[in-house]
Each structure stands twice: as structure tokens, then as C-alpha cells.
Amino acid sequence: MKNYITLAVLVFWLTVFSFMCASLAFNIFSDQDDVKLGQQLDEEIRSKPQEYPILQNRSDVKNYVEQIGQKILNSPNVKKRGIYAYKFEIIHDDSTINAFATPGGYIYVYTGLLKFVDNEATLAGIIGHEIAHAERRHATQRLTKYYGASILLSIVLGEKPSQLAEIAANLFTGLAFLANSRADEKESDQYSILYLKDTEYYPGAIKYFFDKIMAEKGVRGGSIERLLSTHPLPQDRVDFVTQEMQKMGNPQPDESNLFAKRYQNFKATLP
Ligand SMILES: [Zn+2]
């Protein structure tokens, strides 16, 4: 009889826990788990040069992107600086117009994206968006929803470390964790604006990226389709940035906050 009661109590708490996991803000992973997952994924990425050809011998390109990242990370609205890794890497693939972040602040930018955007502020807006995915812990929040109750069980059983490695391996298959929900995308846009407000960049610069995607969707086909599969871009994301700029009294975008010339010089050096 006693065993049944224990079981009933366990089932009850697992049910409660599953509901908690399904709610938005709850995350069963610690910040350290995020960093560990990110590290493991980084190793996986580096071990697959066919899929993820890391740009070699071009520390200048990496430094340029890193410098933009650092300006954003200096924003007081970034809360996990010093906790998360915040490392930047360039993937040499011109046919992919994308960037992605893994848990714990590992951020990867494709040369296809570097060549696609027209000014430095837009790239900063996208990097800010990726930093937000890490800061807001979108990947491990989604994992909490998928694995919630089973992770709780494995903690009870003391198996959490091996389960983390398993999750990292599962995550990597197809990089499914990169498919962000619309709500996560919108939140990342919101934080991108918030971070850029504290920098020299035009805060709504990510909208230039959206505009160009919309304009070139029909022309470029495949590479834009692939981008949209991991970063959905419904009209309300575009409208949201416009509304946020209106709230800020419509700051004027010009060369002093877009840095198009500086960016074109950088672009000309890309391999
Ligand atoms: Zn995103």
C-alpha cells in the first residue's frame, strides 16, 4: 500500500512539473548546463568541417564580427556576460544567409550573411538577435518542454550528466533546436533593439535585413527559404520593429549610426 501512495505522489508531482515545463518561463537547466551544452555542440560543429567549414586564417574577419559582438555585450541589458561563453565564429559558406546561437552564448555567422547585409548596424542587429536567443535561453526552454519530466526523473536517479551529453547528441542531429518559434523570434528582435539602443548603432537596424529578405525572396530562392525555415519571418515581426521605432520617437537612420561605408570596406576584404 505504501508503495502505491509513493507512486501516486510521484505521478502527481510529475504532472504538476509537466505543466510547469509547458509554461513559458520555466527552465530545468542551469546556466552552467547551457554553457556545457554549448561547448559540446561547439565540439560537434568543429568536428564536421564538411557541414560547418570554419573560416580559416582570417582572424581579421573574426575580429571584426567579435568587435561588433563586444559592443552589444557591453549593454547593461545583457545579463549573462561573464556567465555565458560569448564566443563568435565564422562559417565559410556563401550559400547560407544565416547566423545561429547555441545555448551558453556560442554564436556562428555565415559568410553568406556577411555578404548579404549592406551596413554594419544591420549585422549588429542580427548579432544582437542571436545574443538574445542565448540570453533568453530559448533552446533550453524548448528542451525543458520536450524533456521536462524525464529529466526530473533522471535527476532523482542521479543520471543528469550523462543525460546532458545524450541531449547534446540528440540536439545535434539535424540541429533541430535551431528552429525557433515565432514567439522566440519576436522576443529576440525586441532584445536586439534594446541592446542596440546602448550602442552606436541604429536600434532598429534588423529591419534592413527583413526588408532585403522580402525583396530578394523570389530572386534568391533556396538560400532564403533555408533561412526562413529556422528563422520564421511573418509580417508581424516587421511591423513590430516599426512600432518599436515609433515608440522611440523614430530615430533617424543615417551614416552616423548605420556605418554603410565602413561595412562596404570590410565586405570588400571577404574571401
Ligand atoms: Zn532567431
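Two strands pair here if DSSP finds at least two bridges between them, and F100 has Y108 in β3 as its bridge partner. Helices (H or I, at least four residues) and strands (E, at least two) are DSSP runs, numbered from the N terminus, and the chain comes to 13 helices and three strands. This is a predicted model: local features need pLDDT of at least 70, side-chain atom pairs count only at pLDDT 80 or more, and totals for chains, interfaces and linings use all residues. Residues are numbered from 1 along each chain as its sequence is written.

**The chain overall**
- Of the 271 residues, 37% count as buried; that label takes 20 or more other C-beta atoms within 10 Å of a residue's own, while exposed means 12 or fewer and partly exposed is in between, with C-beta atoms placed from the backbone.
- Take the contacts with a separation of 6 or more: 75% of them come from residues 24 or more positions apart. A contact means that the two C-beta atoms, placed from the backbone, lie within 7 Å.

**The sheet**
- The three strands make an open sheet in the order β1-β3-β2, with mixed pairing.
- β1 (87–91) and β2 (99–102) are the edge strands, each pairing on one side only.
- From one strand to the next, the twist averages 20°; angles run from 0 to 180 degrees between N-to-C directions, and axes are lines fitted to C-alpha atoms, for helices over the stretch in contact.
- β2 and β3 (residues 106–110) run antiparallel and are joined by four bridges, and A99 sits opposite V109 in β3.
- Three residues separate the strands of the β2 and β3 hairpin, where G104 takes a positive phi near 80°.
- In a regular strand the side chains alternate between the two faces of the sheet.
- β2 has A99 and A101 pointing one way and F100 and T102 the other way, and all are buried.

**Helix α3 on the sheet**
- α3 (residues 59–73) lies across β1 and β3 and runs at about 140° to β1.
- Its 15 residues reach 20 Å from first C-alpha to last, close to the 21 Å expected at 1.5 Å a residue; the expected span is 1.5 Å times one less than the number of residues.
- Y64, V65, I68, G69, I72 and L73 are buried in α3, and the buried residues of this helix pack against β1, β3, α5, α8 (182–196) and α13 (260–268).

**Cores and α5**
- A nonpolar core is a set of buried Ala, Val, Leu, Ile, Met, Phe, Trp, Tyr and Cys residues joined through C-beta atoms within 7 Å.
- The largest one has 53 residues, and I107, V109, L113, A124, I131 and A205 have the most contacts inside it.
- α5 supplies the largest share of this core, eight residues.
- A second, separate core of six residues includes I28, F29, Y147 and I167.
- Leaving out residues up to four places away in sequence, I131 touches I72, L73, V78, A101, I107 and Y195.
- E135 belongs to α5 (residues 120–135) and is buried, because 24 other C-beta atoms lie within 10 Å.
- Beyond neighbours within four places in sequence, E135 contacts V78, K79, K80 and Y191; K79 is 56 residues away in sequence but 7.2 Å away in space, C-alpha to C-alpha.

**α9 against α11**
- α9 (residues 206–220) and α11 (residues 235–247) pack at about 145°, with axes 10 Å apart.
- Where they meet, α9 brings I206, K207 and F210, and α11 brings R237, V238, V241 and T242.
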